[in-house]
Amino acid sequence: MFPFPPVVRSFLFSLFERAWLRTALCFCLCATVCASCSVDRHMEKRRGELMARMDAVPDWRQLPRKEISWHQALAMMMERNIDLKKSEQSLKTTKRSVINVFTQIIPGVNLDWMLTKELSDLAKVTASDVEYNTNILFNMPSLTQIPFDYYSAKAAVYTAEKTLEMKKRELVARLYQQVLSYRNAQLSYNNQLSSLPYDDDGVQKKKLDLERERNLNEISQGFAVLLGNMDARWLVKPETMPRLDWGRYRAASRQLDLLVVTMVAMELEASRLQVLNAKLKFFPSVDINFYSPTLFSSTGGTYGGFFCGSGRYEGEHEPAGRAGYAPDILVPV
């Protein structure tokens, strides 16, 4: 396969290893320098894009005024409201935390690389100056911690779901109040307009119109924040707003709402978990890490075994002379 004598072949391999090591070392140094430069360029680019977007935002007073129905406003709010998006993102994050409880026991690949050379002699790096090996790490966390973490993660998901439901209720109530504010502003303007004297020369009406325009702008801004849409000065038609059934409202107000009681119960459960977590700290924790035989090593050797993490004691009941620490144990196989 190699039409070269063994001495020439060994010399060629030595040259190849030196060139590869030097290239890898130069690449790591260049990557470190370029990474810091790329961060500055990236931030400058993002800053320029943000400034361009801010300059492209039109003047609020120049936006068209649009009236929509209650159902259109409700659908737009459920789709684009910022607070609702935050609650939905919080729910997704808590759902991922349930999966993360078990990811700590997934085996991981560990790469060890060590270079022994003076800085002044980096250009003379040889294969004997570099040691590297790869192995698989199995981590078994404390058995008492996994059930607690899993229950806490599931409780966080339940809390996020109920918080999202409460946020939707809050937004609907705020939208209803905003529509009532718009209707009251219209009624107030009509009443003041009808009470103007007959001999008014237009000055009073002009003042009323200016005040009405200012109130409508404030109400439109409130609608835009609720709807999560700044493309127009939105207004919701009061005649499309659903009417409340006061008899049903009075009957429902005689008893506590189930969602409100659930939110209070979750706060009590969170307090109970804090107490339980404080008690668990008094138990010694043992973490066991299993090392597989080395997958690859530059020195040609293999090793394996398990690493037993220290038993930790916390609190005032620590044994004398072992406050918060017990030695680690590495047993080779």
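Student: Hi! To get started, how many helices and strands are there in the protein?

Tutor: Hello! In this predicted model, the protein has 7 helices and 8 strands.

Student: And what percentage of the residues count as buried?

Tutor: Of the 333 residues, 21% count as buried. The accessible surface of the protein is about 23800 Å², and carbon and sulfur atoms hold 61% of that surface.

Student: What about contacts with a separation of 6 or more: what share comes from residues 24 or more positions apart?

Tutor: Those residues account for 72% of such contacts.

Student: Nice. How do the lining residues divide into nonpolar, polar and charged?

Tutor: The lining has 11 nonpolar residues, 2 polar ones and 5 charged ones.

Student: Now Q178. Where is it?

Tutor: Q178 is in helix 4, the helix that also contributes 5 residues to the pocket lining.

Student: Why is Q178 counted as buried?

Tutor: Because its relative accessible area is 16%, and buried means under 20%.

Student: Okay, and what does Q178 touch, beyond residues up to four places away in sequence?

Tutor: Q178 touches E218, I219, G222, F223 and L226. Take I219 from that list: it is 41 residues from Q178 along the chain, yet the C-alpha atoms of the two are separated by 7.1 Å.

Student: Good to know. Moving on to T262, which helix is that in?

Tutor: T262 sits in helix 7, which covers residues 258–280.

Student: Is T262 buried or exposed?

Tutor: T262 counts as buried, because its relative accessibility is 14% and the cut-off for buried is under 20%.

Student: Which backbone oxygen does the side chain of T262 reach?

Tutor: That of L258, at 2.7 Å. L258 belongs to helix 7 as well, as the helix covers residues 258–280.

Student: Last one: what is T262 in contact with, once neighbours within four places in sequence are left aside?

Tutor: T262 is then in contact with Y158 and K162. Both of these fall in the 145–194 range of helix 4.

Note on methods: Residues are numbered from 1 along each chain as its sequence is written. This is a predicted model: local features need pLDDT of at least 70, side-chain atom pairs count only at pLDDT 80 or more; totals for chains, interfaces and linings use all residues. Side-chain values use heavy atoms; hydrogens and water are left out. Helices (H or I, at least four residues) and strands (E, at least two) are DSSP runs, numbered from the N terminus. Buried means under 20% relative accessible area, exposed over 50%, partly exposed in between (1.4 Å probe, protein chains only). A polar contact is a pair of N or O atoms within 3.5 Å; within protein, one must be able to donate a hydrogen and the other to accept it, and residues adjacent in sequence count only if both atoms are side-chain atoms. Contact means heavy atoms within 4.5 Å. Ala, Val, Leu, Ile, Met, Phe, Trp, Tyr, Cys and Pro count as nonpolar, Asp, Glu, Lys and Arg as charged, and the others, Gly among them, as polar. Accessible areas come from the Shrake-Rupley method with a 1.4 Å probe; for residues, only the protein chains shown count as cover.
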